[in-house]
Amino acid sequence: MPLYARAVEFPIDIQTRSAQETEALGSELAQCFAGGNRVVLEGDLGSGKTVLVRGICRGLGVTAEVTSPTFTLAQRYENGRLPVSHLDLYRLEAGMAGEDPGVLEGEFSAERVTLIEWPERAPIGSLQPDYRVSISHLGGDNRRVVVECLS
Amino acid sequence: MSVLSVGIDTSTAETGVGVVLPDGRSLERFDLPQPGSRPAHSSATLRMLKKILADMGTGFDEIGRVAVTVGPGSFTGIRIGLATANGLALAAGVKAQGASSLLTLLRGAADLSQPAVALIDARRGELFVATNTAPHDRFALPVAEQADWWRDFPAGAICIGDGAVQNAEVLREAGFTVPMASDALHRISPINVCLEATGWPEDVDVAPEYLRSPDAIPTAERGL
């Protein structure tokens, strides 16, 4: 049964067996999100954060190609049910040290769903996440995905 | 330069904006973050440009050329600089032109008789380095890992840039000249950005210059 067909109880703790399943989970999770929500994504490189984000974007009705914003810092998707900002702060230092945090201001506006990879590198105090998604390897294509509601 | 040129530098913690008028008059301004505060690239760049244009009795409509440092340097700063330059250039119906931050810094020392080394803070214990004796050899130097990281610099060189200021004591002990921290030689002049960018190929889009290989590894190469 899809998550959104019933009252979702957090935390969710689910095992996925393929990238397709992780993406499908993201698509279901998206039904829980509202404008202004901030979702932090935790997991090692290659754990599937961007795959989950692709699913979330699909679930929000985004049709554009979803790619990793590691080099661009932020990627915006405007054509879905809600506008989405996907941030990947991997290239930055902790707390965005030495950088101008003003560059990310527009990504946290009230109408957007903001998905943040490597949130610990965001400026201290700028993030008050509504959800935390933690993805961990379970060998092969298997992943454990834990979603907590923080607000 | 027969058109109004704008020069932008956001590759270090400072923000520099300059304008050169067709008659040769020029003006440049800098936003210098106080110690411990963050760069203001995103808010300062256009605000300073607007003020400079007003002070020179001209406006955005007159912009005919846009030059910007493409790095190496601040990760977000360079993106802000390039995006701003591309926006201004698009409105002016021209292509933005790029300049290396290191070579622009060296241009400021071009009149000196001694060799010069440009050093820009690369964070993570590294410096971005170029010398005017071998300007095409630009690289990231891991200063935190090597005791005598300056050993290949030309003897008697003057060291400039924020990386030189940070390491002034060590460099002076090693026999190099490092001007006082407030000296303009340490600053990337946006007017020099305009001059340096004249060599930018007409058909090339401005893009960030990385001197470090990416530390994110494509999934296909990760073997997961």
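Here's a quick briefing on two contacts: one between chains A and B, the other between the two domains of chain B. Keep in mind that this is a predicted model. The chain contact draws 19 residues from chain B and 14 residues from chain A. Inside chain B, the domain contact draws 15 residues from domain 1 and 11 residues from domain 2.

**How chain B is divided**

- The domain assignment for chain B puts 4-101 + 188-199 in domain 1, while domain 2 covers 103-184.
- Going by their C-alpha centres, domain 1 and domain 2 of chain B sit 24 Å apart.

**Where the two domains of chain B meet**

- To recap the head count, domain 1 of chain B puts in 15 residues and domain 2 of chain B puts in 11 residues.
- On the domain 1 side, β5 (97-100) and α6 (190-196) of chain B are the elements giving two or more residues.
- The largest share of that domain 1 side comes from α6(B), which gives 4 residues.
- Sorted by type, the domain 1 side that touches domain 2 in chain B has 6 nonpolar, 8 polar and 1 charged.

How values were computed:
Residues are numbered from 1 along each chain as its sequence is written. Chains are lettered from A and ligands numbered from 1 in the order in which they are written. This is a predicted model: local features need pLDDT of at least 70, side-chain atom pairs count only at pLDDT 80 or more; totals for chains, interfaces and linings use all residues. Two residues are in contact if their C-beta atoms, placed from the backbone, lie within 7 Å. Domain bounds come from an automatic or database domain assignment. Ala, Val, Leu, Ile, Met, Phe, Trp, Tyr, Cys and Pro count as nonpolar, Asp, Glu, Lys and Arg as charged, and the others, Gly among them, as polar.
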